[in-house]
Every structure is written in structure tokens, then in C-alpha cells.
Amino acid sequence: MLRWAVGGLLECLPHYMAFLCPNVNSYRRFGAGFYVPCAPTWGIDNRTVAVRLPGGDPEQMRIEHRLAGADANPYLLMAALLSAMHHGIVNRIEPPPMTEGNAYDQHEPTLPSNLRDALRELENSAVMKEYIGEDYLDVFGWCKESELDEFEKTISDLEYMWYLHTV
């Protein structure tokens, strides 16, 4: 059952990234040298993967999800994770092969690397629509799109500095 839960988490991971990383700034930590998993990977006692199963006593087995930022809403985060796990268990989704060694060297980044792409994945996710509800996803998407629009219209101090000095 744990294997299927991991399969669901990894299959749905791109779909719920907007809940794990809900702000424009959330994605700045994704990239070379920041040691944040950027692909749906899993492993045992491997801190380079997205979903880690700490080794040790089988009675103490648990799942460590390594992608959420400190800015994630814990309620939405748990709803998304439990939804993906339930989806995996019900549908008996097998996870991809376990990653051994450094996942950063073995897997190309395939997860959304910005909020706009993450929102598109969420919007197109049949699984998240089923579990979270299409009405809620619509409201969440509208709010985040509004934030993105405002962000993109704002001229930063850095832009003023760069462009005013070149005039």
C-alpha cells in the first residue's frame, strides 16, 4: 500500500505543485546548487529525491515529502498529498524505479519551475478536480493569476536601477 501511495504522490506531483509552492518567490529555490528536487523521484534514505522513505525500523516507516516551501498552506498541502496518495492506493499506481545515488545528477528537471506553469498543471488535473473540487480550484487559480498579473505589472527597484543608468 505504501508503494502505491508513493506512486500516486509522484504521478500527481506536477499537478499539485501550486499548493506546495504557492507564490512567485516559491520557485526561486529551484535550480542548480539549491539542492531542491526538480523531478518526481523517490528513494530510501536518499535526501536528493522528492519523496524520501527514511530507512530503519519498519514500524517507524513514513513518507517525507521534500518539495513544499515554508509559504505553503499546510491544509492545502495535506489535502493535496492525501488526495494523491489515495488516488495511488485506489488505482494501484506503481512508482517509477527507485533512485539510488544523487538524483540531481540522474534526472532532468521536469516539474513546473514557476507559478504560471504550476497553475496550468493544477487547472488541467482531473485528480485534483475530483478530490479538491473544481470550484475551489477555480477560485484558487483566479486568486493566483491575479497575484501574477500584479507582480508582472510592478517595476522593481532593480529594473529602475538597470534601465535608468543606461539612458
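The model is predicted.

Start with the sheet. Three strands make it up, in the order β1-β2-β3. The sheet is open, and its pairing is mixed. Strands β1 (42–44) and β3 (64–65) are the edge strands, and each of them pairs on one side only. Strand β2 covers residues 51–53. Strands β2 and β3 run antiparallel and are joined by two bridges. Along this pairing, Val51 stands opposite His65 in β3.

Now look at what crosses the sheet. Helix α1, residues 2–12, lies across β1, β2 and β3. Helix α1 runs at about 165° to β2. Is α1 enclosed or open? Eight of its eleven residues are buried, so the helix is largely enclosed by the rest of the structure. The buried residues are Trp4, Ala5, Val6, Gly7, Gly8, Leu9, Leu10 and Cys12. Their packing partners include the three strands β1, β2 and β3. They also pack against two helices, α3 (74–90) and α6 (126–132).

Cys12 has a relative accessibility of 1%, so Cys12 counts as buried. A disulfide needs the two sulfur atoms within 2.5 Å. Cys143 is in no disulfide either. For Cys143, too, the nearest cysteine sulfur is that of Cys21, 18 Å away. The count of disulfides is zero. Cys143 sits in another setting: at 44% relative accessibility, Cys143 counts as partly exposed.

Move on to Lys144. This lysine is found in helix α7, residues 134–153. Is Lys144 buried or exposed? Its relative accessible area is 9%, so Lys144 is buried. What does Lys144 touch, leaving aside residues up to four places away in sequence? The contacts are Pro22, Asn23, Leu115 and Leu119. With Pro22 there is a polar approach as well: a polar atom of the Lys144 side chain lies 2.9 Å from the backbone oxygen of Pro22.

Finally, consider the aromatic rings. The model holds five aromatic pairs. One of them joins Tyr35 and Tyr104. Their ring centres are 5.8 Å apart and their planes stand at 70°, so this pair is edge-to-face. Tyr35 lies in the loop between α2 (17–20) and β1, while Tyr104 lies in helix α4, residues 103–106. The pair therefore ties together parts that are 69 residues apart in sequence. Tyr35 is exposed, with a relative accessible area of 60%. Tyr104 is partly exposed, at 27%.

Trp162 and Tyr163 form another pair. Here the ring centres are 6.2 Å apart and the planes are at 80°, so this pair is edge-to-face. Trp162 is partly exposed, with a relative accessible area of 46%. Tyr163 is partly exposed too, at 48%. Elsewhere, ring pairs link Phe19, Tyr136 and Phe140 into a cluster.

Note on methods:
Residues numbered from 1 in each chain as written. Heavy atoms only, no water. Buried < 20%, exposed > 50% of the residue type's maximum accessible area, 1.4 Å probe, protein only. Helix = DSSP H or I, 4+ residues; strand = E, 2+ residues; numbered from the N terminus. Polar contact = N/O pair within 3.5 Å; in protein donor to acceptor, adjacent residues only side chain to side chain. Contact = heavy atoms within 4.5 Å. Pairing = 2+ DSSP bridges. Axes fitted to C-alpha atoms, helices over the stretch in contact; angles between N-to-C directions. Phe/Tyr/Trp six-rings, centres within 6.5 Å; stacked < 30°, edge-to-face > 60°.
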